[in-house]
Amino acid sequence: MRHLKRSGWKHQSSLLCDTIPTKPGKKVQLKDLSTSHEDYLEAIVMIGGTQDKPVRGVDVAEKMGVSKTSVNKAVAVLKEKGFVTQPYYGDITLTQAGEEYGNKVLDRHHALTKFFNKALGIDAKVAEEEACKMEHAISDDSFEKWLAYIKKLDL
């Protein structure tokens, strides 16, 4: 199991699985990748990666709490699916689809964490852990409806 380091705690994610490649112009949906690959995109975004700003694999490894070899394997899959580019052992750059996907996962994480902590009064650490599990499990449609509902709560 992989662990994503966030503010001193670790997130368990599922094993890698095959998915359908993303085609240019296709709307990115969070079901396109495994939980683990979503965590890699999210980590790249969290450490400042964009289409214009590459990140080092060693920084992703540190953020994720995994080996550089694990990052290289995940990046190979993300490259194949069109979410990142990387010259031979060079820095990792998000594509437009990769940046959108990573930001979408991170936005879900922040919204769920804030809701659990502010609206429900759940301890911040527990809220982080629960949000990290749910950000991958909820469908795009359900999340959008939930988000529209909580926006009315003005958290």
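This is a predicted model: local features need pLDDT of at least 70, side-chain atom pairs count only at pLDDT 80 or more; totals for chains, interfaces and linings use all residues.

Helices here are DSSP runs of H or I with at least four residues, numbered from the N terminus.

**Aromatic rings**

- A pair of aromatic rings is described by the distance of the centres and the angle of the planes.
- The count of aromatic pairs comes to five.
- One of them joins F115 and W146, an edge-to-face pair with 5.3 Å centre to centre and 90° between the planes.
- Since F115 belongs to helix α4 and W146 to helix α6 (residues 140-151), this pair ties together parts that are 31 residues apart in sequence.
- Both F115 and W146 are buried.
- For F143 and W146, the ring centres are 5.5 Å apart and the planes meet at 40°, so this pair is tilted.
- F143 is buried, as is W146.
- Together, F115, F116, F143 and W146 make up one aromatic cluster.

**Nonpolar cores**

- In soluble globular proteins, nonpolar side chains tend to be buried together.
- The largest nonpolar core in this model has 23 residues, and the members touching the most others are Y40, L41, V60, V71, V84 and I92.
- Two or more residues of this core come from each of α1 (35-46), α2 (57-64), α3 (68-80) and α4 (96-119).
- Helix α1 gives the most to this core, with five residues.
- Looking past its neighbours within four places in sequence, V60 is in contact with Y40, I44, I47, V55, V71 and I92.
- There is also a second, separate core of 10 residues, with A111, A127, L147 and I150 among them.

**The loop residue T95**

- Where does T95 sit? Its place is the loop between β4 (93-94) and α4.
- Is T95 buried or exposed? The relative accessibility of T95 is 17%, and buried means under 20%, so T95 counts as buried.
- Which backbone atoms does the side chain of T95 reach? One is the backbone oxygen of G82, at 2.7 Å, and another is the backbone nitrogen of G98, at 3.1 Å.
- Not counting residues up to four places away in sequence, T95 touches Q51, G82, F83, V84 and T85.

Notes: Residues are numbered from 1 along each chain as its sequence is written. Side-chain values use heavy atoms; hydrogens and water are left out. A nonpolar core is a set of buried Ala, Val, Leu, Ile, Met, Phe, Trp, Tyr and Cys residues joined through side-chain atoms within 4.5 Å. Buried means under 20% relative accessible area, exposed over 50%, partly exposed in between (1.4 Å probe, protein chains only). Contact means heavy atoms within 4.5 Å. A polar contact is a pair of N or O atoms within 3.5 Å; within protein, one must be able to donate a hydrogen and the other to accept it, and residues adjacent in sequence count only if both atoms are side-chain atoms. Rings of Phe, Tyr and Trp (its six-membered ring) pair if their centres lie within 6.5 Å; planes under 30 degrees apart count as stacked, over 60 as edge-to-face and the rest as tilted.
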